[in-house]
Amino acid sequence: MSKLHLITYGCQMNEYDSERVAGLLKTCQYELTDSPDDADLILLNTCSIRERAEDKVFSQLGALRHLKRERPDLIIGVMGCMAQLQREKIQERAPYVDLVFGSPAIARVGDLVARVKAGQRSLLETGESALVKMTSRVGTGNRVKAFVTVMEGCEKHCTFCVVPITRGRERSHSPESIVAEIRELAASGCKEVTLLGQTVNAYGRDLAPPTDLAALLERIDAVEGIERIRFTTSNPYNLTVRLIRAIRDVPKVVEYLHLPLQSGSDRILTRMNRGYTRARYLELIAELRETVPDIALSTDLIVGFPGEVEKEFAETADMVDRVRYDNVCVFRYSRRPGTPAAEMPDQVPEDVKARRNTTILEIAGRIAAEKSRRLEGRVVPVLVDGTSRKNEREVTGRTRCNRVVNFDAGSRELLGRVVPVRITQALPHSLRAELADRGAVTRVPVLVPA
């Protein structure tokens with residue numbers, strides 16, 4: 001068989017897409033290799049959410065140039081969001097790249113590679129294609145967790161974001177195709193699925209007849225063998241009472257929600273075209289905590305958005321203190337080509353962005369540490385999903401609310417099992433624990449600072 005080397009950058013959706021590409025190319029007699037030196041085909045699955053992500057790709061392409069020089073028959077391809085956004089720039093800076101294709105063309109990857117092998121070099125494919133539910137995977141054995149795309153694209157048009165350009169309009173997969181994929185995963189031993197979408201809580205409104213994410217969660221809950229259901233990423237604009245109640249009422253749905261705020265300033269939220277206000281966001285948080293008292297919350301924030309002054313940044317910092325997130329992902333604003341924000345006046349200097357980034361991380365870290373310490377001594381259920389990265393004699397897993405826990409399993413084979421553990425020590429980014437008596441299990445969520 002020919003050898004495929006896949007390099008993946010960016011989000012969970014890209015990880016999912018890379019699995020699909022590997023599965024589709026397996027049917028074309030390609031098997032995965034960890035070594036680019038052994039590969040007949042090298043594909044880079046790329047991200048364009050920030051300029052730094054693109055810089056990494058160009059650096060990697062530069063490192064691969066010598067392989068192409070030594071082995072002219074080696075096929076090098078760039079796929080994903082950067083391929084969609086920067087196709088001309090890729091061809092200009094790396095003319096030895098044979099294939100550039102966007103996410104909509106993934107279903108046709110086998111045909112595209114075959115055309116390159118037949119002599120059609122510098123092949124470019126970035127147009128919109130029909131929505132196809134791909135279920136091909138590689139190496140599903142002993143898989144405890146899996147991503148499942150339920151919708152693709154976004155129509156929110158936030159002024160800083162390239163996703164509507166790179167991923168296209170919102171399109172939902174049918175509930176039947178999603179449930180069929182999850183049944184297949186469960187049959188192979190998968191215990192936890194994470195439903196993916198750029199705006200996952202907008203799922204189903206484009207279908208005929210229309211449906212919603214809450215209804216989909218109820219259907220997946222009935223799949224035998226699945227223990228836990230997660231979903232990401234949600235937009236506050238589409239968060240409904242019905243979905244909040246589904247988090248509470250659907251047994252396999254975990255008590256965890258990633259709800260990007262982006263800014264605590266109403267003026268900046270308007271400039272971002274986010275579609276909600278600070279007050280509305282706080283109303284949603286109050287409703288979430290009233291309905292699901294132990295819910296874990298995480299968020300995304302952008303600091304240094306064009307025109308953000310100190311008072312407006314202080315409003316964002318205040319929101320972190322007020323909401324008391326369990327995890328905060330903070331990013332320095334990055335100008336993206338083709339977005340309105342890139343052309344806005346009053347761009348914030350990089351040193352100011354760096355200082356604001358550090359301030360948010362300090363606040364979020366303090367809150368996370370306080371929450372972690374309160375967990376010591378509690379007994380929680382953990383889904384064991386592998387071996388600890390730092391100690392191969394220990395296993396690792398996650399609580400329902402996504403907190404990483406490491407503990408000694410003794411001689412027991414616990415992979416894929418939900419077991420009760422007692423938290424013995426709270427560390428900055430994980431918890432240490434010991435096995436507890438099964439009768440002591442409580443459905444207490446534990447949350448991830450990361």
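Predicted model: local features only at pLDDT ≥ 70, side-chain atom pairs only at ≥ 80, totals over all residues.
**Entry 1: salt bridges**

I searched the whole structure for salt bridges and got 34. I then went through a few by hand.

I started with Asp-385 and Lys-145, whose side chains meet at 3.1 Å, N to O. This pair links distant parts of the chain, as Asp-385 sits in strand β15 (residues 379-387) and Lys-145 in strand β7 (residues 145-149), 240 residues apart. Asp-385 has 23% relative accessibility, so I logged it as partly exposed. Lys-145 went down as partly exposed too, because its relative accessible area is 31%.

Next I looked at Glu-310 and Arg-355, which form a salt bridge at 2.7 Å, N to O. Glu-310 belongs to helix α12 (residues 310-323) and Arg-355 to helix α13 (residues 350-373), so the bridge ties together parts that are 45 residues apart in sequence. I noted 38% relative accessible area for Glu-310, which is therefore partly exposed. Arg-355 is at 40%, so it is also partly exposed.

Then came Arg-248 and Asp-249, with side chains that meet in a salt bridge of 2.7 Å, N to O. Arg-248 is partly exposed at 40% relative accessibility, and Asp-249 is partly exposed at 48%.

I also found a network of salt bridges that links Glu-19, Arg-20, Arg-143 and Glu-181.

**Entry 2: a negative patch**

Which residues form the negative surface patch? I got Asp-37, Asp-38, Asp-40 and Glu-70. I followed up on Glu-70, which lies in helix α2 (residues 51-70). Its relative accessibility is 59%, so Glu-70 counts as exposed.

**Entry 3: strand β17**

Strand β16 (residues 395-398) runs antiparallel to β17, and four bridges join them. In this pairing Gly-397 stands opposite Val-405. The β16-β17 hairpin has five residues between the strands, and Asn-402 there takes a positive phi near 80°.

β17 also pairs with strand β19 (residues 431-435), in the parallel sense and over three bridges. Here the bridge partner of Val-405 is Leu-431.

Terms used
Residues numbered from 1 in each chain as written. Heavy atoms only, no water. Patch = residues over 30% accessible without salt bridge, like charges linked within 9 Å, V, L, I, M, F, W, Y side chains within 5 Å. Areas by Shrake-Rupley, 256 points an atom, 1.4 Å probe, with all protein chains shown as cover. Salt bridge = Lys/Arg side-chain N within 4 Å of Asp/Glu carboxyl O. Lys, Arg positive; Asp, Glu negative; His and termini not counted. Charge placed at Lys NZ, Arg CZ, Asp CG, Glu CD. Helix = DSSP H or I, 4+ residues; strand = E, 2+ residues; numbered from the N terminus. Buried < 20%, exposed > 50% of the residue type's maximum accessible area, 1.4 Å probe, protein only. Pairing = 2+ DSSP bridges.
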